[in-house]
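This report covers packing, charge pairing and surface. Please read it alongside the model.

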Amino acid sequence: MCIRDRYQRRVRAAEVDDDETTEVGCNQIHTDVFRPPHHAKLLCLAVGNGGQLMCMIIVVLCMTLTGLLSPAARGWLLNCIIVTYVMMAFPGGYACGKLLKMFGLKADWRCVMLCGGSLPGAAFVCYTIINVRNWYVGASSALPLVWMVALFLWSTVNIPLAYFGIVIAFNQPVIQSASNATIIRHIPTTVPLQRFFNSAHFIYVFPPCIPMMCILMETIFIFSSIWLDYVLRLYVLGTHFNSLDLQHHTHVDYQCVPPG
């Protein structure tokens, strides 16, 4: 009886106008949950890039747990991250395509380009600016032009894989659980004026500052330890390895002690 009563109330609230509804609390917005936002394509692109990163992290962690990535092998972890990120462009494009189809949007060439090349393209542009500056000052750490071309090709390999993922997602049926979960009202519910800590600008800026400060502190600690030529003790996934000398290995670590 309770379920039937709730169902009748939701159907009645969806049929009446927005001014005539008498529901309060979360019931006022249950018909707006699956409404496409104003920047729906931007949301789909963010979900696609996030899914690509999460798949890369899961694959790398699984390979580390199984022992395929040894800390004694220099450069294996970075090479695995680079290759895995490119291969995970397919599930990222698939997630972006499923969300685009659920919102009733079309995937044009801009969505494909941004889904596959936004994050690696931004990394390539930043590194190109740094490398040009190194060329100008004559630094020995500047990469040659051949490696820059290879880096550009790496940043563009994601685009065809993301395209195939989006095409496969659009050839499949829409998510039925999302489309039939509730009735979407034609007139959106008016959201009252929120306080400053509930505003979008505050939520976008302040909460990410805390993890970014933690990452900055860890990075300063690691690079200061490398600069002072300390011996590092490596802790990876609960496993304690022997002390490693920085003259032979360049591992990221969390605890450092002076040599001797």
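## Salt bridge

A salt bridge is a side-chain nitrogen of Lys or Arg within 4 Å of a carboxyl oxygen of Asp or Glu. The structure holds one. It joins the side chains of Lys-41 and Asp-108, at 3.7 Å from N to O. Lys-41 sits in helix α2, and Asp-108 in the loop between α4 and α5 (109–137). The two are 67 residues apart. Helices are DSSP runs (H or I, at least four residues), numbered from the N terminus.

Lys-41 is partly exposed, at 33% relative accessible area. Asp-108 is also partly exposed, at 29%. Buried means under 20%, exposed over 50%, partly exposed in between (1.4 Å probe, protein chains only).

## Basis of the model

This is a predicted model: local features need pLDDT of at least 70, side-chain atom pairs count only at pLDDT 80 or more, and totals for chains, interfaces and linings use all residues. Residues are numbered from 1 along each chain as its sequence is written, and side-chain values use heavy atoms, leaving out hydrogens and water.

## Nonpolar cores

A nonpolar core is a set of buried Ala, Val, Leu, Ile, Met, Phe, Trp, Tyr and Cys residues joined through side-chain atoms within 4.5 Å. The largest has nine residues, including Cys-44, Leu-99, Phe-103 and Ala-162. Helices α2 (40–65) and α4 (89–102) each give two or more of them. A second, separate core has six residues, among them Met-56 and Val-60.

## Surface patch

Val-132, Trp-135, Leu-145, Val-149, Phe-152 and Leu-153 make a nonpolar surface patch of about 580 Å². Patch residues have over 30% relative accessible area and no salt bridge, with nonpolar side chains (Val, Leu, Ile, Met, Phe, Trp, Tyr) joined within 5 Å and like charges within 9 Å. Areas come from the Shrake-Rupley method with a 1.4 Å probe. Helix α6 (145–171) supplies the largest share, four residues. Trp-135 lies in α5 and is partly exposed, at 41%.
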